[in-house]
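Hello,

Here is the structure I said I would pass on. Please take a look at it first, then read my notes below.

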Amino acid sequence: MKAVEIKKDIWWVGVKDWNLTEFHGYSTPRGSTYNSYLLIDDKITLVDGVKHYMSDENICRIKSLIDFSKLEYVVVNHVEMDHSGNIPVIMKLAPQAKIVTNAMGKRALEDHFDTEGWEYVIVKTGDTLNIGKRTLEFVTTPMLHWPDSMMTYVKEDKLLLSNDGFGQHYATDALFVKEAPFDVVMREAQSYYANILFPYGAQAEKALSTAGDLGLEIDMIAPSHGCIWSGEKEVNAILSAYAKWASGETAGKAVIVYDTMWGATATLAEAVMSVFQDAGIPVIKHCLSNKNVSEVMVDFLDAKYICIGSPTLNNELFPRVAGFVTYMKGLAPKNKKGFAFGSYGWKPGVVNNIQNVFEALGWETILPFEEKYTPKCDAVEKIKERVKEMIA
Ligand code: FEO
């Protein structure tokens with residue numbers, strides 16, 4: 001794929017990582033992209049790099065448009081290495097270029113790389129940088145999702161280069177959302193939010209309100225992962241989705257997550273599910289033996305009720321459930337009602353490990369439920385009664 005002009009003299013020079021199946025624990029069945037943008041103006045500016053192992057493609061696309069000796073600025077919106085991995089390569093090819101980043105970005109670059117000799121332009125929210133016919137304006141978005149995270153707005157083009165924000169792990173021939181199946185793009189954007197940005201809803205709301213306060217008119221959002229949102233309809237679609245996800249507003253649905261050894265916890269999970277179904281509450285059930293944790297987390301965004309079930313193995317939670325609970329705790333979903341359930345052979349109590357996580361997250365809870373060995377009809381009725389308390 002050649003470099004692609006996304007607006008007059010603004011080029012996509014990124015890379016597509018078709019074979020990526022996993023991104024630090026997040027399952028990426030559709031691969032990913034690391035989008036990098038080249039602004040050809042009086043002062044030629046590159047916005048974001050790519051992963052180190054895909055550097056050559058990024059460099060070739062840039063070289064197809066300019067000579068590296070002409071590169072004036074390299075904007076580093078975010079230092080996580082999917083975007084900065086090849087910044088040292090770029091700086092070797094263009095030692096005259098200045099890095100444009102914020103104070104946290106400079107510190108993070110120095111913590112990652114040998115930055116000797118690099119010159120910087122340090123920016124903060126509201127600062128501008130004139131590059132000729134265009135003015136870049138910067139919006140720092142700390143903890144969305146790293147301390148250094150930042151977005152770059154190209155005023156004259158009403159273009160927001162949003163880095164991780166509004167991105168999707170989605171490798172496709174399509175560069176623009178309009179060229180791809182919309183439901184797939186939205187599902188991947190939702191998955192990205194749930195698995196990367198979920199803990200930072202407050203920061204996302206603040207970033208959205210800062211963009212509003214600065215009066216940024218946006219008709220294109222070009223993230224550093226996935227497809228580009230262009231035109232009012234698409235831009236509004238993703239902005240309103242983010243506003244909804246960041247608000248913690250739920251659709252009132254229930255999510256059941258469990259694993260099972262000999263079927264006991266599966267029987268309990270089925271009983272839990274039937275209560276929601278009978279009450280007309282939308283419910284989805286995930287068995288961790290065939291689901292990656294990141295697929296499950298997508299359903300947490302609009303869920304009100306979270307029920308997690310585990311067998312007991314060697315006096316501990318079943319490992320896949322323990323792994324899921326750890327992952328979920330880190331993503332810190334808010335405003336949920338939790339129910340822990342499970343089964344044991346000779347020593348009860350491991351469900352309290354799940355209950356403790358619910359409490360650490362500040363969720364409402366009900367009493368956990370455990371059953372010895374195989375649940376009989378009376379146990380099934382008892383757990384149903386417990387779930388009814390939850391939705392009462
Ligand atoms: Fe796409 Fe936080 O890196």
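The structure holds 1 cavity of 30 Å³ or more. Keep in mind that this is a predicted model.

How much space lies in the largest cavity? About 40 Å³. Its lining runs through several stretches of the chain. Asn77 and His78 are among the lining residues, and so are Thr141, Leu144 and His145. Ser149, Met150 and Met151 line the cavity too. By class, the cavity lining has 8 polar, 3 nonpolar and 1 charged residues.

Next, the largest pocket. About 350 Å³ of space lies in it. It is lined by 20 residues, and the closest to its centre are Met261, Thr312, Tyr344, Gly345 and Tyr373. Which elements give two or more residues to the pocket lining? They are helix H8 (264-278), strand E21 (312-313) and strand E23 (337-344). H8 gives the largest share, 3 residues. The pocket lining divides into 10 polar, 9 nonpolar and 1 charged residues.

A word on the general idea behind both searches. Empty space shows up when a probe the size of a water molecule is rolled over the atoms.

Now the domains. The domain assignment gives domain 1 as 4-247 and domain 2 as 254-391. How far apart do the C-alpha centres of the two domains lie? The distance is 38 Å.

The two domains do touch. On the domain 1 side, 12 residues are in contact with 14 residues of domain 2. The area buried between the domains is about 1200 Å². Carbon and sulfur atoms give 59% of that area. Three residues stand out on the domain 1 side: Asn195, Phe198 and Pro199. Together they supply 45% of the area that domain 1 buries against domain 2, more than any other three residues. How many salt bridges are there between domain 1 and domain 2? The count is 0.

- The pocket, with Tyr344 and Tyr373 among the residues closest to its centre.
- The contact between the domains, with Phe198 as one of the three residues named for domain 1.

Best wishes

Notes. Residues are numbered from 1 along each chain as its sequence is written. This is a predicted model: local features need pLDDT of at least 70, side-chain atom pairs count only at pLDDT 80 or more; totals for chains, interfaces and linings use all residues. Side-chain values use heavy atoms; hydrogens and water are left out. On a 1 Å grid over the protein atoms alone, a cavity is a set of points where a 1.4 Å probe fits but cannot get out, and a pocket is an open set with protein on both sides within 12 Å along at least five of seven lines; lining residues have an atom within 4 Å of a point. Grid points are joined across faces, edges and corners, and a volume is the space filled by probe spheres set on the points. Helices (H or I, at least four residues) and strands (E, at least two) are DSSP runs, numbered from the N terminus. Ala, Val, Leu, Ile, Met, Phe, Trp, Tyr, Cys and Pro count as nonpolar, Asp, Glu, Lys and Arg as charged, and the others, Gly among them, as polar. Domain bounds come from an automatic or database domain assignment. Contact means heavy atoms within 4.5 Å. Buried area is the accessible area (1.4 Å probe) that two parts lose on being put together, summed over both. A salt bridge is a side-chain nitrogen of Lys or Arg within 4 Å of a carboxyl oxygen of Asp or Glu.
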